[in-house]
Amino acid sequence: MWALFHSSFVRSQLMRVVLVPAVVAALAAMSSRFFSRGAPPLAAAIAGLVVPAAFLAGYFAVYRDFTFPPATVLSWVPWFIVALLIAAPVASRAGGVSTRAALAILVAASGTAALLWPILEREPLSVALATWALAAAAWSALWVLADARGVGDAPFAAIALIVSAGLAVVAPLSGSILLGELAATLAVALVASLILNGLSKSPGLSGAGRANIAFVLGALVRDLRFYAGVGAGIVGAFVASFALGLGAEFAVRRYRRAGPWAVLAPVLAASIPVVAAVTIAFKASSVGGGGY
């Protein structure tokens, strides 16, 4: 075990994937607490951006790409995050749920086109349009559902944590260490947010924070499917995980179950498909995967 931790590769992974996002999340939480008395709105805004800030820091530590125009598929990710950090608060103030839903559909549609363009441009027009429409619809449907039904910040973050942790395990088994690193970075950011927000009693995720979590999860799942060659069954399991987690959260609120079940029930429901996906990936790992 000690030999493993002395490995330069493991130390590098821990530094980039765990330490960098955790430190940035802690700094954001400390800044929020510092402004909590003098400028409560600013403190709430900073607290809500813990996850996007931590993920971006981890992204740059892992991938180191912020080119424009984007040179690769993953180069689009930080630009979409920055755009959402600006657009999501505007949408929330301008028109509430309907405007946020329109933003989610727009970002899901444009994000799918940008991320899948190298594949779509090689396909016949009818196939490309069908692929784009199906991927964008699935992405935006869950995003809009989570926002329209008022899913709590803690359950939403916990469900996203389960999905991202599963992606972090499945991606390397499918041949993409890079996607596994980015998924693990998101998982660390979510863990840090849940812990720090719980300790400091801060307001939790902002609208921009939730939008960015939904975007990053969707982007990772699409890259995993179309570039790492993961089977449709595994991708379906991750989609089902998010959907079941949301369904469990709705049920808990409907029957007014307070306390730990508000988070525990969605986590348990979301974990079942993720365990299935990881099991399938382990069995299929001998076949190998493509990706990057």
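Predicted model: local features only at pLDDT ≥ 70, side-chain atom pairs only at ≥ 80, totals over all residues.
Local features need pLDDT of at least 70 and side-chain atom pairs count only at pLDDT 80 or more, while totals for chains, interfaces and linings use all residues. Residues are numbered from 1 along each chain as its sequence is written, and side-chain values use heavy atoms, leaving out hydrogens and water.

**View 1. Helices α11 and α12 cross at roughly 165°.** Here you're looking at α11 (residues 232-254) and α12 (residues 261-284), whose axes come within 8 Å. Helices are DSSP runs of H or I with at least four residues, numbered from the N terminus. Axes are lines fitted to C-alpha atoms over the stretch in contact, and angles run from 0 to 180 degrees between N-to-C directions. The pair is therefore roughly antiparallel (the label for angles over 145 degrees). Their crossing is right-handed, meaning the near helix is turned clockwise from the far one by less than a right angle. On the α11 side, the contact (heavy atoms within 4.5 Å) includes I234, F238, L244 and E249; on the α12 side, W261, P266, V274 and I280 are among the residues involved. By class, this contact has 18 nonpolar, two polar and one charged residues. Ala, Val, Leu, Ile, Met, Phe, Trp, Tyr, Cys and Pro count as nonpolar, Asp, Glu, Lys and Arg as charged, and the others, Gly among them, as polar.

**View 2. E249 sits in helix α11.** With 4% relative accessibility, E249 counts as buried (under 20% relative accessible area with a 1.4 Å probe, protein chains only). Skip residues up to four places away in sequence, and E249 touches V151, G152, P155, A262 and P266.

**View 3. Helices α8 and α10 pack at about 20°.** The axes of α8 (residues 153-173) and α10 (residues 207-226) are 11 Å apart. These two are therefore roughly parallel (angles under 35 degrees), and their crossing is left-handed, with the near helix turned anticlockwise. Among the residues that meet are D153, F156 and L167 from α8 and R210, L217 and L224 from α10. The contact divides into eleven nonpolar, one polar and two charged residues.

**View 4. The largest nonpolar core has 83 residues.** A nonpolar core is a set of buried Ala, Val, Leu, Ile, Met, Phe, Trp, Tyr and Cys residues joined through side-chain atoms within 4.5 Å. Look for W143, L167, F215, L224 and F238, which have the most contacts inside this core. Helix α8 gives the largest share, twelve residues. Setting aside neighbours within four places in sequence, W143 is in contact with L84, A104, V107, A108, A211, A214 and F215.

Methods
Parallel < 35°, antiparallel > 145°, perpendicular 65-115°, else oblique. Buried < 20%, exposed > 50% of the residue type's maximum accessible area, 1.4 Å probe, protein only.
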